[in-house]
Amino acid sequence: MFDEKIYDILIVGGGPAGMTAALYGSRANKSVCIIEKGAFGGQITSSPRVENWPGTVQMSGSDFGNQMAEQILAAGVDVEIETVIDIRNEGAYKVVVTEDGGYHKGRAVIVATGVKHRRLCLPGEEQLIGNGVYFCAVCDGAYYKDKSVAIIGGGNSALQEAVLLSEICSKVFVIQNLPEFTGEMKLREAVMGKPNVSVKFGTVVERYITEGNKLCGLQLVESAYGVKSEISCDGVFLAVGLKPENEVFAELAELNDYGYFASGEDCLTRTPGFFVAGDCRSKNVRQLTTAVADGAVAALAACSYIDGF
């Protein structure tokens, strides 16, 4: 919708980083609006339980996201469910353009759009996410203590997760579509040295095997020969890459070679009044706690910009 109101802070993205930024902005007596294209809470909503957040016990990811949303609404933050397709810099104001042809004006903008995990795009995958298929061993690996899991991928992230899961799971399969790992040699050696890790090179996942709604295994196929096989596993962790969606904002902020915002811990960009926060930013650790930290930093930086400090 068209909105002539000028907000102090516009936030693109309603994950933990964006909602934290909204909370901090509102607490600083700024008018704030979050623009989110889907469900609030981001990727954490797919987790069956949040355990990597201080003080949280037996809370699902969806409940965590809902509580954050309730908190910002209670703080007076406006919410718009729209898809952002462009942000124009008009000096004192930033104009956030949405897919339906509408726009919103703000004195400062924080982009907290996160990243998308690359998927295998197999039948039934969407229904299994958070119920057998996961993207983060640090977040969800503990649910598979003494069970069998599979990791799909062969880069640094996949190898790090394989090492972590090998310490708590009875069996870890690593499925790599290439004939060798692409991760660092030290990680390769660590994985190959684990007695409960089985590696299958040159192999791709062809199908998720389920019983009812429960994942129970994978159907595999060797890329070179087409030989099919099956493995039994209780959970699958996809580590086939992350994809930021920052290209639309490239005129306002520098991107690194991987498409992430080339912004430091200060969350600043080359454009005054334009800030970034969360997983969309170049960083070494992408976790719930680092996302909300970015949200606080970006919001306080935006407040300082608006106040002329």
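Is Arg 281 buried or exposed? With a relative accessibility of 2%, Arg 281 counts as buried, where buried means under 20% relative accessible area, exposed means over 50%, and partly exposed is in between (1.4 Å probe, protein chains only). Before we go further, please keep in mind that this is a predicted model, in which local features need pLDDT of at least 70 and side-chain atom pairs count only at pLDDT 80 or more, while totals for chains, interfaces and linings use all residues. Residues are numbered from 1 along each chain as its sequence is written, and side-chain values use heavy atoms, with hydrogens and water left out.

Let us start with the overall fold. The chain holds seven helices and 17 strands; these are DSSP runs numbered from the N terminus, with helices being H or I over at least four residues and strands being E over at least two. The radius of gyration is 21 Å, close to the 19 Å that the globule rule gives for 309 residues, so the chain is as compact as a globular protein of that length. Here the radius is taken over C-alpha atoms, and the rule is 2.2 Å times the number of residues to the power 0.38. Along its principal axes, the C-alpha trace spans about 60 × 40 × 35 Å.

Of the 309 residues, 50% count as buried. Among contacts (heavy atoms within 4.5 Å) between residues at least 6 apart in sequence, 58% join residues at least 24 apart. The chain exposes about 14600 Å², and carbon and sulfur atoms supply 50% of that area; accessible areas come from the Shrake-Rupley method with a 1.4 Å probe, and for residues only the protein chains shown count as cover.

Charge comes next. There are 27 positive and 38 negative side chains, and the centres of the two sets lie 3 Å apart. Lys and Arg count as positive and Asp and Glu as negative, leaving out His and the chain ends, and each charge is placed at NZ of Lys, CZ of Arg, CG of Asp or CD of Glu.

Now back to Arg 281. This residue sits in the loop between β17 (274–276) and α7 (288–307). Leaving aside residues up to four places away in sequence, Arg 281 touches Tyr 260, Phe 261, Ser 263, Gly 264, Glu 265, Cys 267, Val 276, Arg 286 and Asp 294.

One of those partners leads to the cysteines. With a disulfide defined as a pair of cysteine sulfur atoms within 2.5 Å, the count comes to zero disulfides. For Cys 233, the nearest cysteine sulfur is that of Cys 216, 8.1 Å away. For Cys 267, the nearest is that of Cys 280, at 8.8 Å. Cys 233 is buried at a relative accessible area of 3%, and Cys 267 is buried at 0%.

Ala 21 touches Ile 11, Ile 110, Gly 295 and Ala 299, not counting residues up to four places away in sequence.

Finally, look at two loop residues. Asn 29, in the loop between α1 and β2 (32–36), has a positive phi near 65 degrees although it is a residue other than glycine. Asn 29 is exposed, with a relative accessible area of 72%. Asp 146, in the loop between α4 (137–140) and β9 (148–152), is not a glycine either and has a positive phi of about 65 degrees. At 55% relative accessibility, Asp 146 counts as exposed.
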